[in-house]
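Please open the structure in your viewer and keep the selection panel at hand.

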Amino acid sequence: MSQRQDTAGSAQQASAAIDPVPGEWQRVSGKYIVVDLLGTFVSAVIFVVGSGVAWFITREPWFLVLPGVALTIHVLIAAFTPRRIRAIGYRLRDDDLVLRKGIMFLRVVAVPYGRMQLVDINRGPLARAFGLSELKLVTAAAASHITIPGLAEADAEALRDRLVELAESRRAGL
Amino acid sequence: MTGPETPLEPGGTVEPAVASGVTGLADGEWHRLHPATPLLRGGFALVVIAGVIIANLRERFVEWFLPGTVCVPGDDNCSGRDPIDYLIDEGYLLIALGAVLGIVLVCIVFFWVSWRMHTFRVTDEVVEMRSGVLFRTHRKARLDRIQGISINRPLFARIFGTAKLDIEGAGQDANVALAYLGNSLADGLRADILRLASGSRAGKAAASAPGPAGSLIDRRVAELLAPELDPALVAPESVVRMSAGRLVGSSVLSGSAVFLVAALAAVTTILVLGSTVAGEFYWILFSLVPMVFGLGSYLVNRVVKFLRYSIAGTPDGVRVGYGLLSTRNETLPPGRIHSVAVQQNLLWRPADWWTVRVNRATRGSSSDAGQQAQQSTVVLPVGSREDVFRVLELLLPELLTTGGGDVRELLERGLAGTRGDDDFTTTPRRGAVLRWFSWRRNGFALVPGAVLLRRGAIWRDLTIVPTPRMQSVAIEQGPILRGLRLAGVHVHTVAGPITPRIGALDVEDAQRLFRDVAGAAVAAAALDRSHRWRSLEE
């Protein structure tokens, strides 16, 4: 987080990366890194085994290319996971919620509270074991696509109630 | 059921209620649809069945009245395969007649019951519809969330003097369809619903146009021949019409027509050279010929559909109407347009023709033809630049009236400007690698109440997103954009044919746009009252 603030301070002169609203971000739980890594691991096992079936049957060496590619992709994903998750940040401003995500593909979204149509809380089996939840906001636009993963259960519920309350006080039409 | 000024519809709905508004149907009581509804809904099927039966019986009728003309008695070839003879010979005639009669009776009873059970009511807050015999449906739509009301008159229904009223809510398949109502009832009910939805406290009923007088036949004929848009309903200076020549010309100069010509040329080439050179290319015909038919019918459909097109301003929103045999007109209340795109392809540029599309919160049900759902997003199929400005004035009245001449000039540059030195903030020189032809044009401008995104040098496109309708805004940057110190901004609106996204902006410009749009969206939403568009009057 401190590193983030440093860049925010010196962003104005030369940074090519976007940072439209410099300042402090609320971070998601560090435990989510573990959850995400486990998920990547499961997916890696499925893909490597699945694409290795051809090799297992034929024993042709070049059928090993597929599991090799699958493994490489998953290792790369896993290598970037900690940074990717530490890059997720959200902030409740006066009238809107701002969410930033991504290191390679940066995306910052601002949603006015009055535009929220509903707030979902999802818990996958892995995340539940770690006591984490995922918060999802839905607006009338499908492109908004706002999910905040890796929130502690109590935080997620508090945030949901707060958002619903804010949305209620700024109710707008479509 | 009808107010004193509307003519009595034959077989109109229930008991005369206290007239409120134009029709008295919007009085909070339950009403029924036009009694001919089952016939019209199952109309086509009935015609087909009757046609099949008559076709099968034709020779028999002839035989009955003129014996010996069709069948020589004793000729086995003539009657061997006739199912009616089989029934008579086997003595099943009575049973068969009874079965047919029974089926017809059951159908009639079922239709009658379903008509009895299909009721609707309009209160100050909601419109409700109950339907179904075995599977009951009860649908309720809030009036202040109505996205538009359309009146469809398929040819078959027009002959019977009826219309289908579609009250469109926000979302997929969120329509309350009242099919069918009498012609003048449909028009009046729409006016009533819009008046209730507008939140108007004046409670005054709009004057309804008196229907043509005379006998039933005269009225039907007059209705069929009447212009699609009643000139008495709207201010004439707000009407934009389209000439048939321009419609045909624009279709001929469209991308599909170019494809069609290319495909036709390929087909002729293969057929001409078929015997000698291109013999092995015959298989291409299997894909080309259906394509030719598809494109051809699409173009013909487009022309036929938009004949007699008009768009006009009414006190309760924009009215878009078109159609020659089957007509359709739709009223969009203020504040229901989520974004507007004015577009022009390369072939239209010499004639300065443009097309205007909109994003709306309603999407037709899946049972609707996909084409129809798509068409209702086109508000101006083709028009001159002058037409475009009049349509924009109707769709986004605040934009042009508050901004005055400046906004109009800005929009002009948004449509046709090609230099980067105007009021649009455009892609910097280094972005030309990503926008080869359009980097001087690719840009944005903020005006009070809307964001303008200008894109495309070959397919010109000016997208206008009114700030009160914005859902959220995102700024995006991938590795390539970062390497060039560029970024993109995506303004989120409800789904539709328009995606208001602009790429390859300077990082600082993009961040400024993001901050400004986010702030403007919040401020505009707080002030917006268009869901009850007349509640501020008086």
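## Chain B as a whole

Among contacts in chain B between residues at least 6 apart in sequence, 55% join residues at least 24 apart. Please bear in mind throughout that the model is a predicted one. With chain B selected, colour it by secondary structure: the chain has 17 helices and 23 strands. Of its 538 residues, 38% are buried.

## Stop 1: a covered strand in chain B

Select residues 162–168 of chain B, which form strand 6. How many of its seven residues are buried? The strand is mostly covered, and seven of its seven residues are buried.

Show the side chains next. In a regular strand the side chains alternate between the two faces of the sheet. Here, Thr162(B), Lys164(B), Asp166(B) and Glu168(B) point one way from strand 6 of chain B, while Ala163(B), Leu165(B) and Ile167(B) point the other way. The residues of both groups are all buried.

Strand 5 of chain B, residues 148–153, pairs with strand 6 of chain B in the antiparallel sense, over five bridges. To locate this pairing, find Asn152(B), which stands opposite Lys164(B) of strand 6 of chain B. Strand 8 of chain B, residues 175–182, also pairs with strand 6 of chain B in the antiparallel sense, here over seven bridges. In that pairing, Glu168(B) stands opposite Asn175(B) of strand 8 of chain B.

## Stop 2: two helices of chain B

Select residues 244–252 of chain B, helix 9, together with residues 283–306 of chain B, helix 11. The two helices pack at an angle of about 160°, and their axes are 10 Å apart. Because of this angle, helix 9 of chain B is roughly antiparallel to helix 11 of chain B. Their crossing is right-handed.

Which residues make the contact? Helix 9 of chain B contributes Leu247(B), Val248(B) and Ser251(B), and helix 11 of chain B contributes Leu299(B), Arg302(B), Val303(B) and Phe306(B). By class, this contact of helix 9 with helix 11 of chain B comprises five nonpolar residues, one polar residue and one charged residue.

## Stop 3: a loop residue in chain B

Move to Ala432(B), in the loop between strand 17 (425–426) and strand 18 (443–447) of chain B. Why is Ala432(B) classed as partly exposed? It is so classed because 16 other C-beta atoms lie within 10 Å, whereas a buried residue requires 20 or more and an exposed one has 12 or fewer. Then select Ala504(B): it is 72 residues from Ala432(B) along the chain, and the two C-alpha atoms are separated by 8.7 Å.

## Stop 4: where the chains meet

Display chain A and chain B together. In this pair, 28 residues of chain A are in contact with 33 residues of chain B. On the side of chain A that touches chain B, strand 4 of chain A (residues 106–112) gives the most, with seven residues. The residues of that side divide into 19 nonpolar, four polar and five charged.

Select strand 4 of chain A with strand 21 of chain B, residues 472–477: five bridges join these strands, which run antiparallel. One point to find is Val109(A), whose bridge partner in strand 21 of chain B is Ala474(B).

## Stop 5: a helix pair in chain A

Within chain A, select helix 3 (residues 31–58) and helix 4 (residues 65–86), which pack at an angle of about 175° with their axes 8 Å apart. Because of this angle, helix 3 of chain A is roughly antiparallel to helix 4 of chain A. The contact includes Phe47(A) and Trp55(A) of helix 3 of chain A, and Leu71(A) and Ile77(A) of helix 4 of chain A. Its residues divide into 15 nonpolar, six polar and one charged.

## Stop 6: a sheet in chain A

Finally, display the open sheet of three strands in chain A, whose order is 5-6-7 with antiparallel pairing. Its edge strands are strand 5 (118–122) and strand 7 (146–152) of chain A, each of which pairs on one side only. From one strand to the next, the twist averages 25°.

Strand 6 of chain A, residues 132–138, is joined to strand 7 of chain A by five bridges. Here Leu137(A) has Ile146(A) of strand 7 of chain A as its bridge partner.

How values were computed
Residues numbered from 1 in each chain as written. Chains lettered and ligands numbered in written order. Predicted model: local features only at pLDDT ≥ 70, side-chain atom pairs only at ≥ 80, totals over all residues. Axes fitted to C-alpha atoms, helices over the stretch in contact; angles between N-to-C directions. Helix = DSSP H or I, 4+ residues; strand = E, 2+ residues; numbered from the N terminus. Parallel < 35°, antiparallel > 145°, perpendicular 65-115°, else oblique. Left-handed = near helix turned anticlockwise from the far one by under 90°. Contact = placed C-beta atoms within 7 Å. Nonpolar A, V, L, I, M, F, W, Y, C, P; charged D, E, K, R; others polar. Pairing = 2+ DSSP bridges.
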